[in-house]
Amino acid sequence: MTCTSSVQLVPLLLLLWMAGLSAAPSGPESDTCSTLVQNRFFGFFFSSFVFPSSPCSWTLQNPDPRRYTIFIKVTKPSEDCMPHQHRTFQYDSFLETTRTYLGMESFDEVVKLCDPSTHMAFLEAGKQFLQIRKGPLRVGSDNGEGSEEFKVEYLVVGKRNPSMAACQMLCQWLEDCLTYSNSNRPCGIMQTPCQCWDPPTLDKEVSGCYRDGIFLENCLPTMNEPTFDTDNNGGWSSWGNWAACSSECGGGVQTRTRMCQSPPEEAYLCDGVLEEGRPCNSQTCIGKGRHGSRSQSLRSVDSRKREDVDKEPSGQQSSQTDSPSGEEWSPWSVCSATCGEGWQSRTRFCVSVSYSTQCSGPLREQRPCNNTAVCPVHGAWDEWSPWSLCSSTCGRGYRDRTRTCKPPQFGGYACVGPEKQTKFCNIAVCPVDGVWNEWSSWSTCSASCSNGTMHRTRECNGPSYGGSECQGEWLQSRDCFLRECPVDGRWQQWTSWSGCTKTCGGGSQQRQRVCYGPFFGGEQCLGDREEARSCNEKRCPEPHEICDEENFSNVVWKRTPAGDTAAVRCPPNAVGLILRRCSLDEEGIAYWESPTYMKCISNDYRSIQTLTREHLSKAQRGLVGDGVSEVMTKLRVISSDGTSYSGDLLAIVDVLKNMTEIFRRSYYSPSSADMRNFVQSISNLLMEENRDRWEEAQLLGPNAKELFRLVEDFVDVISLRMKDFQDTYEVTDNLVLSIHKRPMAGKADINFPMKAWRGMADWARNSDERVTISKNIVSSGSPDDDTSAFVTGIVLYRNLGSILSLQRNNTVLNSKMITVTIKPTPSSLTAPVEIEFSHLYNVSQVAIYSLETVKVSSFGIASLLGSWSARACRAVPLDSFRTKCVCDRLSTFAILARLNLDTNMDPSKSQLPSVTLIVGCGVSSLTLLLLIIIYVSVWKYIRSERSVILINFCLSIISSNALILIGQTQTRNKVVCTLVAAFLHFFFLSSFCWVLTEAWQSYMAVTGRLRNRIIRKRFLCLGWGLPALVVAISVGFTKAKGYGTVNYCWMSLEGGLLYAFVGPAAAVVLVLSLSLLSSSRGDGSSHPLSDPLCCLRLTGGLRHRHGALHPAQRGAGSS
């Protein structure tokens, strides 16, 4: 910047500074000592004028940070500087609502106002606000007049096409900034929009120009500005003025010259002529000779290149042809250089004479000249090295570059300028971690007495720009104790009531309590120390109202008043108590009710129950317990032998419930053996031997709904373990369980049961019950959804209804029970469940219902199974023996039949044989008895082997008829019914065997082999021994299972036991048929069977036996 331009800028800066100071302060400062400068591009101020007091602030607003940059020059105070009183900041924005600046960045480390190492500081700011703030004076400081006086100059420079005046000042600032910068204190100006160094290489595509030695981008040169071609830094000088014309008329010549200003090493820049000419005064001369008017053409001669001149000897003149008319050469000029190699030149003029020809040769000559003195070589800078990497990845870092000075020689000057340049880089703000402020004072104690707590807090300052949160606690607590608190007296717990003074008729009981305290001046306990109450106010029972001591079932029951329950220990093979209640009859006489074994559990079941609870406890804690399968196996084996007490049933149910919870744990997956043992244990619960204990268990324990929930939970657990779409089933003597896993978009319905299942029991194979579940019963939302699946569980109970004695009022269970469940439980069914039932009884019915068990029902039939309701089900009669139920919900289903009222008036009538059966069996038995009497009366006349066979045959038929009548009344008594069924089996087989014996005797008589008594013994062995052997073998193999059913005392149709009767009977019929065929070929007159009376007796006997084969048909044939 030149002195003239500086002088011209001073008035402008003064005007701008005065305008900025006159702007109304509208910044965030709440006090009046604040200045806001807006829309100003140049200015300066003195600190004493802007900061007359403290606190004060001066703020400069950048019109547009994207287009302008703020530059600051601070002339530091020479003395009396107070550190940290003046601070410099820049901000991103100003929030008007809260009058606060956002995005603060401090420049104190750049300015360092009190640093005496430099007397100037330079600063570049790119945010919207730049602020210098004077803080309050410190205590004890002296702020005299004129102290801390400093000056601040500012420039707001455009990033594109800056003004020439701004660039002149900014370049001067940059030069000063680099002069004062060093490695420890870099320059605060990082980059400028002005080119302040050597001119760039000429490029036609670059739009720029030089103005007063400063290169500006994006500017157009004016007409008065010299271009690079006319730059006077090297090459030719400007042409001189034209000389006077050589002739006044007739044509003359004017010349002008120029000089080469380049140093010798850059002589190649002077390419062209030293002198040029032009014609002048071409008008005709009047009155003058023709020869005086001859014009002369001046020829331009190229200057001689230095390399051409170098070829000539030093100091030797170039050869030339002197024209006769040429003027003499002028003396050689002074050497252009005082040291080293220089140049000398001389000139001449062409003088025109009348007799001479045109001048030839150069008008100017040059020659090198040598000086003995060696020229000093000044120091020269090498090229700048590339800028170094930034010293910091965030915040203010520094980049620098260096250059090397070639040392001067022969007394030359040293290099001028800095050896190192430094500039700021990476203006991104560094993350600032949060810093805790000082702890607050401790709060007051939370308690006025005894132990309390005191607290103190601290606040986290920051973090900023993504820094870390403060580490540590923001709250601290400590115990405090002021004094002991007074403790009032407090009553301890009451003691137990003492025994009543009387057992009846009104007595009294007492109890006491103790006062704990008081302490430290507290209050005494309020209230009484003792309390009394009446007891045993009921009247003393009369002697007839007390059950006497009794020895029942090897247990001594002590005297107990009516209404109380006596309890004794269970037998040694069980744990718990036997309960027996003393009640009053209709006449008010005390009597003992039957004892209940609800609280008795056999030792075997108790040990299994304990093991199961231990495994469940481990499973709930996430521990893997071994031995679960062994427990299930042990339960199946023990339960197959039956139960001793009703409490055993409840223990088995409890064990199965706990096993379900164990199976539900994710770490344990039940095996196929566990599934079989689980289902078999449920089947063992439903054995006929447990019927009486089930009835007793229904009185105090859970009803059959617990069993249904247990089965549904088991299906749910198994469904969670099933991975692929598959079917699994378990078949036992008392139930069939099938589980089907299907995709939501199924392609086939589910049918139950499947006759082709392996191991299907006869009762299930012959059952007429059917269940059909539609493939679309559960909606998946998408017809092609193969990912989701549902699991269906179906359970068919063989005899659950009969075991639970489901008969209330005039309603009886008339079918097997079926449970249908689907997991996950759907909210509604898109297709109904279809179930076909076969009737158990062919009785006259008022109505047939298709019912299901529900947990809560406001209507329906109450029973041991819970509440039954016909809701969401409808019955479709198929015929007189079958009914189809169509239901829209899932539960346990069965058919309930309502009997006629007249048949249900007397419950004992339902167990009496029918009239038809009594008449048929009675007539048959009386006829046979009369036949035996006749034979005995004439025995001495008709004594024979054949008479003995006939009498034994009649005795077997009479015994069978009697057992049929007895069995109809003993279906509820399991032992008697089993014995009746076994003896019926024996006498029916003996009837067939005696017929076979008669045929054998007839054959022996024909052949003449009937000679001694040994034959009679064989007859007895065949008639009575063979049936006894068959029955004994059947009982031994089946353990009497299958003898006696719920409805009649005969052999069960399931399990294959019936073949023990049908097989021998069929064999007897086959032998008789063959015997008749063989005898028909012989002489009919001599064969005993040819007697018509004999044939009549045989035929009648067979008809009678045929009638005895079907005792359930309520009738029998007569002989």
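Biologist: Which residues does the UniProt annotation "transmembrane region" cover?

Modeller: This is a predicted model, in which local features need pLDDT of at least 70 and side-chain atom pairs count only at pLDDT 80 or more, whereas totals for chains, interfaces and linings use all residues. Residues are numbered from 1 along each chain as its sequence is written, and side-chain values use heavy atoms, with hydrogens and water left out. In the unreviewed UniProt entry, the annotation is placed on residues 915-936, 948-967, 979-997, 1018-1037 and 1057-1077; UniProt positions follow the numbering used here, feature names are shortened, and annotations may be inferred rather than shown by experiment.

Biologist: How far apart are the end C-alpha atoms of residues 979-997, and what are the helix and strand percentages over residues 1018-1037?

Modeller: Helices (H or I, at least four residues) and strands (E, at least two) are DSSP runs, numbered from the N terminus. Residues 979-997 are 100% helix and 0% strand, with end C-alpha atoms 26 Å apart, and residues 1018-1037 are likewise 100% helix and 0% strand, with a distance of 27 Å between the end C-alpha atoms.

Biologist: Turning to the sheets, in what order do the five strands of the open sheet with β41 stand?

Modeller: Strands of a sheet pair through backbone hydrogen bonds, either parallel or antiparallel, and two strands are taken as paired if DSSP finds at least two bridges between them. Here the order is β41-β42-β47-β52-β51, with antiparallel pairing. Because β41 (750-752) and β51 (873-877) each have a single partner strand, one side of each is left without a neighbour in the sheet. The twist from one strand to the next averages 15 degrees, where axes are lines fitted to C-alpha atoms (for helices over the stretch in contact) and angles run from 0 to 180 degrees between N-to-C directions. Between β41 and β42 (residues 770-773) there are three bridges, and F752 has V771 in β42 as its bridge partner.

Biologist: How many salt bridges does a search of the whole structure find, and which parts of the chain does the pair of D108 and R87 link?

Modeller: Side chains of opposite charge can pair when their charged atoms come close; the criterion is a side-chain nitrogen of Lys or Arg within 4 Å of a carboxyl oxygen of Asp or Glu. The search finds 16 salt bridges. One of them joins D108 and R87 at 2.7 Å, N to O, and links distant parts of the chain, with D108 in helix α3 (residues 108-111) and R87 in strand β5 (residues 86-91), 21 residues apart. Elsewhere, D548 and R559 have their closest N and O atoms 3.5 Å apart; D548 lies in the loop between β30 (546-547) and β31 (550-552) and R559 in the loop between β32 (555-557) and β33 (560-561), so the pair ties together parts that are eleven residues apart in sequence. A network of salt bridges also links D92, E105 and K127.

Biologist: What residues form the nonpolar patch with M104 on the surface?

Modeller: M104, V429, V432 and Y465 form the patch, with about 320 Å² of accessible area together. Patches take residues with over 30% relative accessible area and no salt bridge, joining like charges within 9 Å and nonpolar side chains (Val, Leu, Ile, Met, Phe, Trp, Tyr) within 5 Å; accessible areas come from the Shrake-Rupley method with a 1.4 Å probe, and for residues only the protein chains shown count as cover. M104 sits in the loop between β7 (100-102) and β8 (105-106) and is partly exposed at 43% relative accessibility.

Notes:
Buried means under 20% relative accessible area, exposed over 50%, partly exposed in between (1.4 Å probe, protein chains only).
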